[in-house]
Amino acid sequence: MKYALIGCGRISPNHIVAAKRNNLNIVGICDIRNDMMMEKKIKYDLKNTSYYNNYQEMIENEKPEIVAIATESGKHASIALDCINAGCNVIIEKPIALSLDDADKIICTAKEKGVKVCTNHQNRFNKSIQKIREALEQERFGRMFYGTANIRWCRDYNYYSQAKWRGTWEQDGGALMNQCIHNIDLLRWMLGDDIDEVIGITDRINHSYIEAEDFGVALIRFTNGAYGIVEGTTNIYPQNLEETLYLFGEKGTVKVGGKSVNEIEKWCFADSIDNSEDVILNYRENPSNVYGFGHTPLYADVISAIQDNREPYVNGEAGKRALELVLGIYKSAVDGKAVKFPLKQCSTMEFIGRF
């Protein structure tokens with residue numbers, strides 16, 4: 001299949017490697033900065049790839065079947081809609097968009113055009129997460145009581161100064177929307193997806209040079225009676241500490257941690273059908289960074305979804321649910337009260353001037 005990438009920044013190497021490992025024909029790469037494209041050309045030996053500063057020109061000339069969108073978050077929706085209207089299947093880096101209206105437009109337009117939308121929540125493909133999901137679907141937890149998502153990371157001035165869009169409401173959002181949304185996605189997915197209400201608090205404690213939050217906590221009540229707790233920050237000194245997901249059920253307790261929720265650290269079930277030490281040993285990965293190894297299987301799934309005409313494992317609706325939860329936390333923090341779900345309309349643009 002013909003493949004093109006839009007955006008050659010921080011996450012682009014993971015997309016290029018995933019495309020190559022899945023034997024996609026990388027026909028085009030696009031970025032407004034030539035130096036970033038040339039760096040990728042040399043590093044990944046992209047000799048037969050064309051290079052563009054205008055993604056619409058690339059789409060028209062190359063006619064790719066799959067396009068990955070890895071630009072600043074605020075441009076995801078408009079670029080995705082252009083690609084979808086041109087008949088391309090799309091892989092959209094998280095978040096799918098920065099407004100619920102835009103997420104709905106992406107989902108509806110893709111259905112109209114008969115193309116696939118995948119939201120890039122690659123941690124769902126971690127060996128550890130797949131093992132936990134299997135236990136959940138086998139109902140080994142019994143009744144789920146609650147779960148917690150803890151994201152304790154460091155993002156300093158150097159990180160934000162590298163790209164002016166980072167930390168802005170128009171193009172990014174804060175710690176919850178950018179750094180924490182992967183684990184927030186997993187928490188919602190594991191606890192049942194359907195939410196009754198959310199209570200959130202956000203603050204900008206240590207990053208006066210950004211617009212959005214660097215700290216957020218939330219309590220989520222799911223319609224099935226389970227509770228979720230989120231704690232996310234980019235204020236940890238001097239480097240990333242952990243990304244951890246806990247799940248507590250009537251008959252099971254699980255903790256998964258590591259750089260990108262890639263290591264099962266606690267595995268305890270009443271049925272004792274597997275050995276906890278074996279699970280801890282066999283379902284762990286050691287990625288070099290927080291992005292993990294999930295892009296390659298995510299790409300494989302998208303290719304399969306196109307070939308078999310089915311929904312991707314992490315589709316547009318999944319991306320919208322993660323976005324909705326972050327926006328719900330933002331709205332609750334501003335309103336000072338619980339926010340009922342589903343949200344009908346909300347955008348990061350509503351929070352300009354928040355701090």
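Predicted model: local features only at pLDDT ≥ 70, side-chain atom pairs only at ≥ 80, totals over all residues.
**Stop 1: a surface patch**

Select F145, Y146, I199, L219, Y227 and I229. Together these residues form a nonpolar patch on the surface, with about 500 Å² of accessible area. Now colour strands β7 (144–152) and β10 (227–233), the elements that give two or more residues to the patch.

**Stop 2: H295**

Is H295 buried or exposed? H295 has a relative accessible area of 3%, which makes it buried. Show the side chains of H295 and N120: a polar contact joins them, at 3.2 Å. To see the rest of the surroundings, select I11, N14, H15, A18, E93 and Q122 as well; these, along with N120, are in contact with H295 when neighbours within four places in sequence are left aside.

**Stop 3: the cysteines**

Select the cysteines and display their sulfur atoms. How many disulfides does a search of the whole structure find? The search finds zero. C83 shows why for its own case: the closest cysteine sulfur, in C88, is 5.3 Å from the sulfur of C83, too far for a bond. The cut-off for a disulfide is 2.5 Å between the two sulfur atoms. C83 is buried, at 0% relative accessibility. End at C268, which is partly exposed, with 40% relative accessibility.

Technical notes. Residues numbered from 1 in each chain as written. Heavy atoms only, no water. Patch = residues over 30% accessible without salt bridge, like charges linked within 9 Å, V, L, I, M, F, W, Y side chains within 5 Å. Areas by Shrake-Rupley, 256 points an atom, 1.4 Å probe, with all protein chains shown as cover. Salt bridge = Lys/Arg side-chain N within 4 Å of Asp/Glu carboxyl O. Helix = DSSP H or I, 4+ residues; strand = E, 2+ residues; numbered from the N terminus. Buried < 20%, exposed > 50% of the residue type's maximum accessible area, 1.4 Å probe, protein only. Polar contact = N/O pair within 3.5 Å; in protein donor to acceptor, adjacent residues only side chain to side chain. Contact = heavy atoms within 4.5 Å.
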